[in-house]
Protein chains: 2
Amino acid sequence: MRKSIATVSVSGTLPEKLEAIAAAGFDGVEIFENDLLACPLSPEEVRSRAADLGLGIDLYQPFRDFESVPADVLAGNLRRAERKFRVMERLGADLLLVCSNVSPDAIGDDELAAEQLRLLAERAAEHGVRIAYEALAWGRHVNEYLHAWRVVRMADHPNLGTCLDSFHILSRGSDPIGIEAIPGEKIFFLQLADAPLLAMDVLQWSRHYRCFPGQGNFDLTGLTASVLRAGYAGPLSLEVFNDVFRQASAERTALDGMRSLIALEQSLDGVAHPAVPAGFAFAELADDGTLGGLLSALGFARTGAHASKPVELWSQGEARLLLNSRDQESHDGPALVAIGLDSPDPGGAVKHAGSLLSPVLPRERAPEDAPLDAIAAPDGTEIFFCDNAWLADFGEGALVEGGITRIDHVALTQPLHYFDEAALFYRGVLGLRPQESLELPDPYGLLRSKAMSSPDGAVRMVVNIAQVGAGHHPWQHIALACDDVVATARRLRAEHPDLLLPIPDNYYDDLEARYEVDPELRRLGVLYDRDGRGGEFLHLYTVTAGRVFFELVQRIGGYQGYGAGNAPIRLAVQHAGA
Amino acid sequence: MRKSIATVSVSGTLPEKLEAIAAAGFDGVEIFENDLLACPLSPEEVRSRAADLGLGIDLYQPFRDFESVPADVLAGNLRRAERKFRVMERLGADLLLVCSNVSPDAIGDDELAAEQLRLLAERAAEHGVRIAYEALAWGRHVNEYLHAWRVVRMADHPNLGTCLDSFHILSRGSDPIGIEAIPGEKIFFLQLADAPLLAMDVLQWSRHYRCFPGQGNFDLTGLTASVLRAGYAGPLSLEVFNDVFRQASAERTALDGMRSLIALEQSLDGVAHPAVPAGFAFAELADDGTLGGLLSALGFARTGAHASKPVELWSQGEARLLLNSRDQESHDGPALVAIGLDSPDPGGAVKHAGSLLSPVLPRERAPEDAPLDAIAAPDGTEIFFCDNAWLADFGEGALVEGGITRIDHVALTQPLHYFDEAALFYRGVLGLRPQESLELPDPYGLLRSKAMSSPDGAVRMVVNIAQVGAGHHPWQHIALACDDVVATARRLRAEHPDLLLPIPDNYYDDLEARYEVDPELRRLGVLYDRDGRGGEFLHLYTVTAGRVFFELVQRIGGYQGYGAGNAPIRLAVQHAGA
């Protein structure tokens, strides 16, 4: 399908926006009027600039507060419209978005609205322009999409149709299935935006928090399917107002928008993710020589080394960590640099990631190395799709048994600008599903945290953004599943007490006020959480090494969370020791 | 009055918070439980740390979801409370905040609530603890302060009183005058927070957007007056949850909190600002030699020079600008460094600023110079309070007549962390009143803008924060009142066309669609705005010099705004030329 995007969705001046949009592969744009007004190029120059870039101008928007007005206001509004039709002729745009009147002067009379919109459509026709009438969620009288359609049908003019906007429909909780009552040829345009569920004024929600399809909580696939079932054949067009996107790189935002539309098309076509990962194959850490001791203490052993690279394999159970001593000077101490995922079809997974515009990374490898396909996550972490062949490169030795069985989850901290992008990446590219979203107090700010997991829970990722004061950097961590955290803690406490993050006694005073827990937890520094369904979570943290630490976790009785209530305790202790 | 603050209001670990709070001169603190739980110090150590710093522990908080519960839940809740009483004994805290139950399990039965709270108060009494019961704005059943009082009165126990929180009262639109129905000795505690008016879920509003008294839109003076009239004799205590404060310096936040309480006390005492400025005396710019030409073109003349410093006086009408060529290397080209205000009592104004903890700046001056008292605004701009004596230092010559008559307003851009502080500064220290608050789209982000003015409009300041992408710095500007912007523009267009910021033709196509305006505006590059009451605004912008530009403005028919709708046009053109 044809793919468009409103110029307001990306940052920059109008020429910069057009270039970024074209570079991302869009077919067309909606020209947002303010972008044109602030641009020194004439409409003719914008038209030819767009044409040179291969972009059609699919819509000019918005035209406000037109219909349902007293006669004297109507005259001024028609004069205003005539001027806009002339601008559109110069731009080569033939579709104008008219959004429902929000003025207190508007009269609540559908017949009057229809009559005036018919008049507007007649005038538009003289200029070869068509009108797409949209119900704003906060329209004075018309604020439901079926109401807008009723007015359009009443007006009954070939140059008048309706514009559907997923945000305006879904933010009000309207059921999009009613779209199928609208003849496809009367749906003149479709604007798509997702959004997180927020309990706030819908106007503020719309103007600051929209995001691309798949980045929020709305069902864009269901809505778009209804629009297509109605017979709509126009473009899928993104229209997003987002405070973060406004500050971000236009190129990156446009590319992410394109990725969201490709993912939407795939979900419409019923394309399932070809290779949802079955588990973590490994996590790779840049090491300056300090991690081996920590891993030994945790019961890991060095079970292999790469034939041609300075990379060691450390294992325990199915938990495998690679310590890479190359490029250590580019990191500030130990850092998480790559994640390997067990993939039933590594080639298919990389091809799928490529179809979603993820950068596929070139690999330097020796001829005898196993092929390893990798892509880059939004924060630059490398993601490898692996079958078991990679282990041969390390000549893995005997299986090491201990309390730790596998990697439970990996927590990555993203720059603020990549949070929405990361949500779409982990959902679309890796096939993970969004789990809980949380805000966690940090002594110097807030962490916003989103957990995502594969359907069977074998791969769990936690994506954090840190809104913290300057100079306070967040940590990444690897959580290791452990059969018996208490037993492991007993051993660590006895043999390596300095490796355990000290947990304040005050925490246990509160824990014991809330639950009857084993007093040994306090002696060992093991943290505890309980969910509402009887599930329990025991976990402990190691001290940090560079920007990395390890967590040992034990899930009991189907506990699905991450002990988020304990994270602020951990953050405060880490900061105090940093 | 005794002044306290909740530890959650400032950033850092608990010891850091206590130090910053003590340094700002508070008498006491509310210990926010999570701050204690995450702290490695024992309650006894926290107690002695606070005592060493001269801080009393006035409240321990919060204790949640206690009352109106089924019998089996009550047993667990009492057990939980007993543990907290023991912690409080160790802390040396004797007042516990109990906030109204938000659990879906809570039963809507005031008699049950009162009975269980009486039981809690009896147990508390055994530990020397008193209970302050507060209605959360989102409490399940009890969410109005008078409802909480009704339950407290029904329970009738000397160790049970109510806690009033201005946010919970004013966010619901409750009238605080009803507080006067509560006997003062039953008001156990008063928590103060202001907030901007936001149309959003009250829980989110409370947790992220609270600010200090005088920084938001609530009438804290009226509420506090009612509390005092009721006979309350306890502390004024700040409790603020704010995403920006969380990331800011604890010292700076605590000091700003103290400033807000001093300003509140002054307004309670009916202390008027002793010296609201009568106008702008001057604006001072760091100059690298480029500003003289620009000012000459605008009709200014060099009318004086400082006797002992490299500072020139440039004048036109009553508009006076100082060009300072010292320290130019510390700025990236021309920059606004100081503002002089005409003050009926400069000494009183500085003393008042000092009472509000504003830093009074030391002045290097020659013995023959006029005394000039200066303070630092939050962004570091120096503010001088002047009588006319300062002009003598410059030996001002003949009055220069031209279209420009005086400084209309000055627009400063603040760092994000100082926005709330700046609002309180301009309101409390300078006696300005908040005018409009706006969001302005910038090509690379958003500007949040707050205008403030003296009651007669003679001094107007616009405070902006720029939420823009990295590398995009905002500008400061000086707006000059002009008798006839069109005539001045004609002259500039003829003589110095390169000094005018070019305004796109597309802007005028839109302007002419909306209003019947003189086509000469387009030829001259003059911008236009109209308010809803017949007021009109003509203005133009110069090109930028360094981080500074000038605006010429003409207010017609009582127009009070700033042409905000035209600012995005200006920003886009400035960025395109930057």
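## Model and confidence

This is a predicted model, in which local features need pLDDT of at least 70, side-chain atom pairs count only at pLDDT 80 or more, and totals for chains, interfaces and linings use all residues. Residues are numbered from 1 along each chain as its sequence is written, while chains are lettered from A and ligands numbered from 1 in the order in which they are written.

The ipTM is 0.89 and the pTM is 0.91.

## Interface

In the interface, 46 residues of chain A are in contact (C-beta atoms, placed from the backbone, within 7 Å) with 46 residues of chain B. Elements of chain A that give two or more residues include helix 4 (71–91), strand 19 (445–453), strand 20 (460–468) and helix 18 (567–577). Helices (H or I, at least four residues) and strands (E, at least two) are DSSP runs, numbered from the N terminus. Helix 16 of chain A gives the largest share, eight residues.

By class, the chain A side has 23 nonpolar, 12 polar and 11 charged residues. Ala, Val, Leu, Ile, Met, Phe, Trp, Tyr, Cys and Pro count as nonpolar, Asp, Glu, Lys and Arg as charged, and the others, Gly among them, as polar.

## Helix packing

In chain B, the axes of helix 4 (residues 71–91) and helix 5 (residues 110–126) come within 10 Å and cross at roughly 30°. Axes are lines fitted to C-alpha atoms, for helices over the stretch in contact, and angles run from 0 to 180 degrees between N-to-C directions. Helix 4 of chain B is therefore roughly parallel to helix 5 of chain B. Angles under 35 degrees count as roughly parallel, over 145 as roughly antiparallel, 65 to 115 as roughly perpendicular and the rest as oblique. Among the contact residues are B:Leu78 and B:Phe85 of helix 4 and B:Leu120 of helix 5.

In chain A, helix 5 (residues 110–126) and helix 6 (residues 145–155) pack at about 60°, with axes 8 Å apart. Helix 5 of chain A is therefore oblique to helix 6 of chain A. Their contact residues divide into seven nonpolar, no polar and four charged.

Conventions:
Two residues are in contact if their C-beta atoms, placed from the backbone, lie within 7 Å.
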